[in-house]
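Hi everyone, thanks for making time for this. Let me put the model on the screen and walk you through a few parts of it.

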Amino acid sequence: MKQSRGEKLFHVANIIVLGVVALICLYPFLYTLSLSLSSAREASRDGLHLYPAELSLTSYLVVP
Amino acid sequence: MSRKANRPARGIPYRRNLGLISMALPLVAFFLLFHYVPMLGLVIAFKDYVMSDGIFGSAWVGWENFVRLFSSEDFPHAVRNTLMISVLRLVCGFFAPVILALLLNEVRLAGYKRSIQTLTYLPHFFSWVILAGIFLMIFGGGGPVNSVVKLLGVHPVSFLTDNVAFIAILIVTGIWQGAGWGAIIYMASLSGISPDLYEAAVIDGANRWKQTLHITLPSLVPTMITLFILSLGGIMTAGFDQIYNMYNPLVFNVADIIDTYVLRRLMGLDLSLATAAGMFQGVVGMVLIVGANIFARKISKGEQGVW
C-alpha cells in the first residue's frame, strides 16, 4: 500500500517518540545497575549515574 | 449472547467438575485466609481497643471512633487529598495506556515494537523505594532538572516542597510507571480485532487515522469500561507506596492521604481509629465499584460491566 507523505512523517515521528519513551523507562534499570557497580563513595554522590564510576563489585560480595 | 444462555439447566454438575473445583480450592482458601478472615478484625473499629485486654476483652464503643475520626482535623483533610490525587490520576492518566497501545500498534517493525513494549513496562517492576530515590535526586535541589533551570538563568525551584509541583510530579511519575503495564491489556484487545473490519474500511477509502477512529477505538471501549470500573475501586487508595516514599512534611497539606494517615495512627498505637479509617476507605471503595458496575450495565443494557 502506498503511503502518503503525512503517513510517512507520522511513522518516523512515532518511532522516534516511542524510542525516547522507552529510553526514559530504561533509565531506572540503568541507574540501579550503575549504582550497584560503583564504589560506595561514588554511589552516595548526587547525580544521574548513567554508567558505573570507580567500578567495584564489593556490594555484590556483601549482599549474599 | 445473554448471560443466562451460558448457564446449565439444573445447577452445577459438581461430580463431573471435581478436577476443576479442586484446582480452584487453593485460591479460594487463599482469599478466605488472607482477605476474609482478617476482615473480622474490623470489630476493633467499634471498640476501644486496648492491647492488654485483647480484641474480645476491649469495651464496645459503638460509632465513637468514626465520630472521633470525622471531627478530627486531619482525617477529612486526608480524604480530600486522596480523592483529589486519585481523580487527577484518572483524568490525566486513564488514557495514557490507550494512547501508548495505539502508537505501538502503528509501528510496523515487529522487533522494534516488541522491544519498546518490553522496555515500557519495565518501570512497573521497580519498587517505589528505588523509583522515589531516583525522582528525589532528579527533582531535588542539586539534581539535573535544577541544573537546567539554573542554565536558563532562573533561580533554582524547590519542586519537592512546592504543593502544586509535588502533586504534578506524583501524577506524571505515576503515569510513567503504569502506562506500559496498562498498555498490555489494550494490546491484547487490539490483536483480537478482526482484520476483516480493516479490509472493509480500506475498500471504503478510510485512511489509517479514520480506521483508528472508527474501528480501533470503538473496539477498545469495553476494555476501557472494565478497567475504569476496576480503577474506581482504588479511588480511595491514591498510591501509598509512591507517596510514602516521596513526600515530606512540607507537602503534608496536599499529599497526606488516608493510607499515610492510617499508618501514622498505627504507629501512634491508636489501632481503633486506624481501623475505623481503613474500614471507611474499604466501604467507600466497594460502594464505588458496585455502583459503577450497576451504572455501566444499566446504560449498556447488560452488555458491559465487570460482572
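Two housekeeping points. This is a predicted model, where local features need pLDDT of at least 70, side-chain atom pairs count only at pLDDT 80 or more, and totals for chains, interfaces and linings use all residues. Residues are numbered from 1 along each chain as its sequence is written, while chains are lettered from A and ligands numbered from 1 in the order in which they are written.

Back to Ile138(B), which sits in helix H7 of chain B. Helices here are DSSP runs of H or I with at least four residues, strands are runs of E with at least two, and both are numbered from the N terminus. Leaving aside residues up to four places away in sequence, Ile138(B) touches Gly143(B), Pro144(B) and Val145(B). Touching, or contact, says that the C-beta atoms of two residues, placed from the backbone, lie within 7 Å.

Chain B puts 20 residues into the contact and chain A puts in 15 residues. On the chain B side, the elements giving two or more residues are helix H5 (96–106), helix H6 (110–120) and helix H7 (128–139). That side has 14 nonpolar, 4 polar and 2 charged residues. In this scheme Ala, Val, Leu, Ile, Met, Phe, Trp, Tyr, Cys and Pro are nonpolar, Asp, Glu, Lys and Arg are charged, and the others, Gly among them, are polar.

The C-alpha trace of chain A spans about 60 × 25 × 15 Å along its principal axes, and 11% of the 64 residues count as buried.

How confident is the predictor here? Chain A has a mean pLDDT of 85, with 97% of its residues at 70 or more; pLDDT is the predictor's confidence in each residue, from 0 to 100.

A loop residue to look at is Glu54(A), between H2 and helix H3 (58–62) of chain A. Glu54(A) has a positive phi of about 50 degrees, although it is not a glycine. With 11 other C-beta atoms within 10 Å, Glu54(A) is exposed.

Leu269(B), in the loop between helix H14 (258–267) and H15, has a positive phi of about 60 degrees and is not a glycine either. Leu269(B) has 11 C-beta neighbours inside 10 Å and counts as exposed.

Last stop: helix H10 (residues 195–203) of chain B. Of its 9 residues, the number buried is 0, so H10(B) lies largely in the open. Just after H10(B), Gly205(B) takes a positive phi of about 90 degrees.

Key
A residue is buried if 20 or more other C-beta atoms lie within 10 Å of its own, exposed if 12 or fewer, and partly exposed in between; C-beta atoms are placed from the backbone.
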